[in-house]
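I opened my notebook to look up two things.

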Amino acid sequence: MNWSGYQMANVILLVEDNEDHAEMVKQSFGDDAIAKELHWVKDGQEALDFVQHKGKHMHAPRPTLILLDINLPKANGLEVLRVIKEDYDLKVIPVVMLTTSDRNDEILECYRLGVNSFITKPVKFEEYFDKLHSLEHYWLATNREPSPAH
Amino acid sequence: MQSVHDLNQPRRKARIGLRGYLFCCLGLVAALPVLVLGVIQVTKWEAKQMDDVDQERQFVAQTLIQGIGQMVDGHVRAVETLAGQVQARGSLDQDVLQPMVSSLRARYGGFSVMYIAGADGVSIVTDPPFNEDGKPNAGTDYSKRDYYRAMVRTGRTAISRVQIGKRSGVPNVQIAAPVRDPKGDMVGFVEGSLDLDGIQELVDSTIKGMPGLQVAVLDHEGRVIVYPDEKVRKAVKNLSHLALFKKLGGNGIEIRTGVDDKGVAMRASITTLTAYDLDWSVVVYRPQVYEQSQAAAARTQVLTVAGLALLVGLIIATALAEGLARPIRKLANVVTAVSKGDLSQMPEPPHALTPREMAALQVDVRHMVGQLKDYTTHMEKKIEERTEQVREANRELESFLYSITHDLKAPVISLYGMAAMLQKKCGEQLGEQGAHYLRRLMSNAGFMEQLITDLLNFSKAGKHEYRREQLDVDRVVKKSLDQCDSRIREGHVTVKVRSPLPSVVFDHNALCKIFLNIISNGMKFMGDQAHPCIEIGGRELDGFVEYYVKDNGIGIDQKYHDKVFKMFQRLKEVSVEGTGIGLAIVKKIVDMAGGRIWFESEVGKGTTFFFRIPKEVSARDLGDGYELERVSNG
């Protein structure tokens, strides 16, 4: 799904099964100065299809940032993360975990699999907004990422 | 019945041990007969000893009587033999008689002179034939001699009185035996002079090796034949005036005391030689002093032997007492150890010499200890199993609590987020009433978030990965105080820290959380105290450290005391913020570290929370955290 409707340099893939949370992410990514294209998939399998250009995502753009939940249907976030980070081509894409969990064992596991950042969703929307806002600014405006390899 | 308290009292040390008792008993048993026998022996000894020496002397005297008798007898027979030979020849011819007398004297030693004489008493032949001056001995008239007269008178062999040999100076006796013709008339006689120094030799050889023993042989007149003093002997002195040497009235043996010729007190045995009417006295005697000293020496010997026997008896008693007491003592040591919970001790198995009852006891105690050990092992295993089950159930519960709070979090996030977005996007269209509802909605969502966070913290108190490190507790307390610095300032609370606080090996965050929760709790219940104050201190105990946090707030009513550490328990009397989980988290951390938390409180005066934790928490006590880490590692 493409909210912005036009092709931009920054392609963000949001993997989130909770519609409300997805809506909150969309609302939080509000800085119009940063050009972006937000794609939303609802389960782990679809996320993998998206990055691997399979099925209906045959022509999906390559994401520049992936926001990944852990508790997902079909394939959970950790599996998706493992596939991405084990793929020579895909592993360069920054993956940020965005989840309600703050379990240390899950955080550790994610970092072992090569996650680039781990964010626990705050309950208060103000904090939620602030966190995603700084995330947006860091990964899309501050951080320098490699150009897609060919 | 003895109470447990009495049983636990330390045993008094000042008791006599079994070995002591056994030693006393056995020692007494060993010593008593020795002592009794010793005393009896010592009192009887002198008499017994005197009796012994008397008997010894009597024996010697009788032996001598026999020996002297045989000696005299032998020589009498020699003289009679010669007389018989002469009689058989029937001739008193000098040439016939000379070889006979010479050969007989040569055959029998002891005769100084031997001669054959006619009935008139004049010698016909002698041996030796000549005296030292070269004059012939024959032709001497002996008719005046006492033995000649006695022989003529009785018609039988006669023995003279003792006299001193003129030339030899040796006491001697003459033995004369008649020679008869076929009709029975005396035609002559044979005489032999017997030297009595042979008797002295006999006496000397008899008493040889009998120290102190002396012998005197006296003739019927009391003149000495044998005497220790040679001078007296040579002089053939008459000692009949001395009571010691007085002739015996009749036959038999008499024991008497008296002085010898030198005035030394003697004890003597006297007997008489009656053969051939000799009537000689044999006196065997010893100095009384000597015999008494012998007796005294013997008494000393008896006492020494008795003493040695006593000593040996006591040594044996000691060894026996030790031998008997040792297995009992060892058994007692084992039982003591077992009573203190040390089951590693086991009584020795009985050996071949162990008494039956002792062996049975040893076997029974071994059996008992074995059973106790088995039972303890069984129980420990069972407890371990149960503990593991409880741990597992706890883990499941923790896990359940954790996931449930997690699952609750997602809808709360949505609720709060949606409400916030509604306020942001459509706030103006809601109106005052709508805005109020929305605020209540968000406030409740906020409270719910707080509840969930606290629940998660409580749950994590069991899952947190503890790091054990040596902590500077003053710094930990300062960090905790920093975290509630704003509230301290707002409430104008005076904080006193009794530095230095004892250090401890613990997890930094966990200890910080304990202090923070107790301090926060204290500040929450300060009430309207004019001078709110919180004091923090601590001390070291045996293997533990104990800290306290004291406030002068409203205190806790007795009826709420059992609810203080329970989850979600908030004291209804006061309206304060919070979810009521803080102290439950503290208790959980302290409990898991093997410690204890409690408080003392009085309404209106304040509350003091104490908690005590081991000075070094072992990894096992913080086990759950480590296990979680191990699982996630795999």
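Entry 1, burial. I looked up B:Tyr115 and B:Tyr142, and both are buried. Buried means under 20% relative accessible area, exposed means over 50%, and partly exposed lies in between (1.4 Å probe, protein chains only).

I noted the ground rules. This is a predicted model, where local features need pLDDT of at least 70, side-chain atom pairs count only at pLDDT 80 or more, and totals for chains, interfaces and linings use all residues. Residues are numbered from 1 along each chain as its sequence is written, chains are lettered from A and ligands numbered from 1 in the order written, and side-chain values use heavy atoms, without hydrogens and water.

I searched the whole structure and found 14 aromatic pairs over all chains. Rings of Phe, Tyr and Trp (its six-membered ring) pair if their centres lie within 6.5 Å; planes under 30 degrees apart are stacked, over 60 edge-to-face, and the rest tilted. For B:Tyr115 and B:Tyr142, the centres are 4.0 Å apart and the planes at 15 degrees, so this pair is stacked. B:Tyr115 sits in strand S1 of chain B, and B:Tyr142 in the loop between strand S2 and helix H4 of chain B, so the pair ties together parts 27 residues apart in sequence. Helices (H or I, at least four residues) and strands (E, at least two) are DSSP runs, numbered from the N terminus. I also saw that B:Tyr115, B:Tyr142, B:Tyr148 and B:Phe189 form one aromatic cluster.

Are the rings of B:Phe599 and B:Phe609 stacked or tilted? Their centres are 5.4 Å apart and their planes at 45 degrees, so the pair is tilted. B:Phe599 is buried at a relative accessible area of 13%. B:Phe609 is buried too, at 2%.

I counted 21 residues from chain B and 24 residues from chain A in the contact (heavy atoms within 4.5 Å). The buried area is about 2000 Å², with 60% from carbon and sulfur atoms. Buried area is the accessible area (1.4 Å probe) that two parts lose on being put together, summed over both. On the chain B side, B:Ile413, B:Tyr416 and B:Met421 lose the most area to chain A, together 26% of what that side buries.

I then checked for salt bridges and found zero between chain B and chain A. A salt bridge is a side-chain nitrogen of Lys or Arg within 4 Å of a carboxyl oxygen of Asp or Glu.
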